[in-house]
Amino acid sequence: MPHRHLPRRTGSVAAAVTATAALLVAGLSGSASAEPTTPAAQALRTDAAPPALLEAMERDLGLDRAQAERRLANEAEAGATAGRLRAALGADFAGAWVHGAESGTLTVATTDARDIPAIEAQGAKATVVHHSLTDLDAAKSRLDRAAERNDTTDAPVRYVDVRTNTVVVQAVRPSAARALLSAAGTDRSLTRIEKSADRPRALYDLRGGEAYYINNSGRCSIGFPVTRGTQQGYATAGHCGRTGDNTSGHNRVAQGTFQGSVFPGRDMAWVATDSPWTATPYVKGAGGQNVQVTGSTQAPVGSSVCRSGSTTGWHCGTIQQLNTSVTYPEGTITGVTRTSVCAEPGDSGGSYISGSQAQGVTSGGSGNCGSGGTTFFQPINPLLQNYGLTLRTTGDDEEPPGEEEPGGTWAAGTVYRPGDTVTYGGATYRCLQGHQAQTGWEPPNVPALWQRA
């Protein structure tokens, strides 16, 4: 497909780069000696990563302690930089990812070679590709619509792969993938077929990561403790239970009731708990240690991510692709994230966390923690937004500020997506990374999440 120049966005990329020059990526592009004290790392509390999480990263990613700490700091800063460049490049933006043992290199793709100086000025590596992220997402949406009308049992996984600038259809039989592409009428230059024997399934056999039981039968894992008003509870996977199902805790004590559940389509649910159960800002780590949750900022492709589940405990890997669709025997779910973390039955619903930032709840996968595998998680921010939930974080018990906050449309508890705009204190800000807002993360305080428009 010949290169085509997309319409230029209003405003100057150079001006956007100049405005954010003070926030260049520290520790990226080979500066391995940088300490994890970059602005984004401070804002997203990478220093809150507990020993249990760092130890799991060391074990599963082959790192030492200093490398694990630098990797978390680099990934936080890379997410902020990618967010700023996504806003600056507009329609040219074609995705971003980190790589290297310490996630020391951020690559940003664009459809316009004239963007290269702007990307490199932010400390990132630039690559020029044919297709924008908008075009790839649109192609994947066409495939998803076609999948609703066709049997995709032998072509169960579809995702946007920003590294190869294609939409990948993963298939047991390539002919099934070709049939799906034909039914969707998708431009073949946008797509790639990958043969795989994997047949993902929801991990049904029935503090984050702890076991709970559904109707005194199947077992799943708690995702993240949440609140809705004064009601406490937790987020988990939709395939674990239906609205009205009763739950009991890991100790078999009556616990709560499913208030909402979606599966297939998405894989999200939440349980309202009874008064004896208290939501905490923790996920269960190795050896039962508490892993702090301080927010829900989405990590970029290539980032480290760790999972807690009631069957296999702590395991780590990397985020491979966002915006993935996967067909289980029960139906297709969309918008999940594909990872290299292993999981087994009973881990469903459990927590995925990157540093101290909640990422999502375990949906399903293939393989196991003996031979390795692939898993998918339902991102936490859409789940919180769908049910009007607030993630329980370490900042929830802090004293509110003594003076009246400036007026504006920004509000704690709201889930914001990249590109959303708010007003605060008389100024307008644009969201750089998806997250749920909380007190202390007002736009002027977190340049990793908000850019003044």
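**Pairing strands and crossing helices**

Modeller: Ile214 has a bridge partner in E12, namely Thr247. This is a predicted model: local features need pLDDT of at least 70, side-chain atom pairs pLDDT 80 or more, while totals for chains, interfaces and linings use all residues. Numbering starts from 1 along each chain as its sequence is written, and side-chain values use heavy atoms, without hydrogens and water.

Biologist: How do you know that E8 and E12 pair?

Modeller: Pairing needs at least two DSSP bridges between two strands. E8 (residues 211–214) and E12 (residues 246–249) share 3 bridges, so they pair. They run antiparallel. Strands are DSSP runs (E, at least two residues), helices likewise (H or I, at least four), numbered from the N terminus.

Biologist: What order do the 8 strands of the open sheet take?

Modeller: The order is E9-E8-E12-E13-E14-E11-E10-E23, with antiparallel pairing.

Biologist: Why do E9 and E23 stand at the edges?

Modeller: E9 (218–221) and E23 (390–391) have a single partner strand each, so one side of each lacks a neighbour in the sheet.

Biologist: What makes E5 mostly covered?

Modeller: Buried means under 20% relative accessible area (exposed is over 50%, partly exposed in between; 1.4 Å probe, protein chains only). In E5, 6 of its 6 residues are buried. On one side sit Thr166, Val168 and Gln170. On the other sit Val167, Val169 and Ala171. Both faces are covered. In general, side chains of a regular strand alternate between the two faces of the sheet.

Biologist: Which strands join E5 through 5 bridges?

Modeller: E4 (residues 157–161) pairs with E5 antiparallel over 5 bridges. Val160 stands opposite Val167 in E5. E4 and E5 form a hairpin with 4 residues between them, and Asn165 in the turn has a positive phi of about 60 degrees. E6 (residues 191–195) runs parallel to E5, also joined by 5 bridges. Here Val169 has Ile193 as its bridge partner.

Biologist: Why is H6 called roughly perpendicular to H7?

Modeller: Their axes come within 8 Å and cross at roughly 105 degrees. The perpendicular class spans 65 to 115 degrees (under 35 is roughly parallel, over 145 roughly antiparallel, the rest oblique). That makes H6 roughly perpendicular to H7.

Biologist: Which residues in H6 and H7 meet?

Modeller: Contact means heavy atoms within 4.5 Å. From H6 come Arg142, Leu143, Ala146, Ala147 and Arg149. From H7 come Leu180, Leu181, Ala183 and Ala184.

How values were computed. Axes fitted to C-alpha atoms, helices over the stretch in contact; angles between N-to-C directions.
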